[in-house]
Amino acid sequence: MDLKSYFSEAELKEIETAVSKAETETSGEIVPVFVAQCERYPEAVYKGGIFLAMIVFLIVSVMELFWLDFPVIHLVPIMGMVVAGGIVGALLTQYIDPLKRLMAGRNRLEIAAIRRAEHFFIREEVFMTRERTGILIFMALFEHEVVVLADEGINGAVEQETWNDLIDETVHAIKKKNVCQGIINAINRSAKILKEKGVEIRPDDTDELPNQLRTD
């Protein structure tokens, strides 16, 4: 994925600068990650098609039963209407993001985001810092999901629940299409949390991981 499709050069630089600045206040190594979509969710498209096909069948059935002037429809035309409804439902689900999220289900979206975040945690070697103080802030645009994964050096000082406000605020920024500022705010807030919890910068601290925004 090309980040320049979603961020300007200036915005990417702002994010990198925010990471650099945050890491001057704490020994945490902050790794921001952004993806447009975690998975394709084909099952959501199928569900959308089946749902509208069922609605069409129900409407036709009710019209035959209760609308006296409605002519009796033979099986083949009925099946044609149902199939057409299924195709329309699948297409609508495929191309209308809110509908696709609805059909996929919140739990499915959360699981997909966590899996992708875990993938990036390993791929970007967030666990390779000297004091195990790497922290990954993962943002998924389509899913409206944010995942914070910290290495054991941070988990020992910061409970996972502490990140909930940061996650909620960043998700709100994503929904408002203010993604860049949401990422920067998440970076700044994470640095503040780490500092408050005693994950302070060491005299011989070095920048161990790149500061740029990552993606696929």
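Reply: The account below takes the pockets first, then the cores, then some charged pairs.

This is a predicted model, in which local features need pLDDT of at least 70 and side-chain atom pairs count only at pLDDT 80 or more, while totals for chains, interfaces and linings use all residues. Residues are numbered from 1 along each chain as its sequence is written, and side-chain values use heavy atoms, with hydrogens and water left out.

A pocket is defined on a 1 Å grid over the protein atoms alone, as an open set of points where a 1.4 Å probe fits, with protein on both sides within 12 Å along at least five of seven lines; its lining residues have an atom within 4 Å of a point. Grid points are joined across faces, edges and corners, and the volume is the space filled by probe spheres set on the points.

The largest pocket has a volume of about 250 Å³. Its lining consists of 14 residues, and those nearest the centre are Leu 141, Phe 142, His 144, Ile 174 and Lys 177. Helices and strands here are DSSP runs numbered from the N terminus (helices: H or I, at least four residues; strands: E, at least two). Helix H4 (97-104) and helix H7 (164-175) each contribute at least two residues to the lining of the largest pocket. Sorted by class, this lining holds eight nonpolar, two polar and four charged residues. In that sorting, Ala, Val, Leu, Ile, Met, Phe, Trp, Tyr, Cys and Pro are nonpolar, Asp, Glu, Lys and Arg are charged, and the others, Gly among them, are polar.

At least two lining residues come from each of helix H5 (106-123), strand S3 (145-150) and H7. Strand S3 gives the most to this lining, with five residues. The classes here are seven nonpolar, two polar and three charged.

The cores come next. A nonpolar core is a set of buried Ala, Val, Leu, Ile, Met, Phe, Trp, Tyr and Cys residues joined through side-chain atoms within 4.5 Å. Buried means under 20% relative accessible area, exposed over 50%, and partly exposed in between (1.4 Å probe, protein chains only). The largest core has 33 residues, of which Phe 7 and Trp 163 touch the most other members. Two or more of its residues come from each of helix H1 (9-22), strand S1 (29-35), strand S2 (134-140), S3, H7 and helix H8 (179-196). Helix H8 gives the most to this core, with nine residues. Apart from neighbours within four places in sequence, Trp 163 has contacts (heavy atoms within 4.5 Å) that include Ile 135, Val 148, Ser 190 and Leu 194. A second, separate core of 21 residues includes Cys 38, Leu 109, Phe 121 and Phe 142.

Finally, there are the charged pairs. Side chains of opposite charge can pair when their charged atoms come close. A salt bridge is a side-chain nitrogen of Lys or Arg within 4 Å of a carboxyl oxygen of Asp or Glu, and the count by this rule is 15. In one of them, Asp 204 pairs with Arg 130, with the closest N and O atoms 3.2 Å apart. This pair links distant parts of the chain, 74 residues apart: Asp 204 is in the segment after H8, and Arg 130 is in the loop between H5 and S2. Asp 204 is partly exposed at 46% relative accessible area, and Arg 130 is partly exposed at 47%. Salt bridges with shared partners join Arg 130, Glu 131, Arg 202 and Asp 204 into one network.
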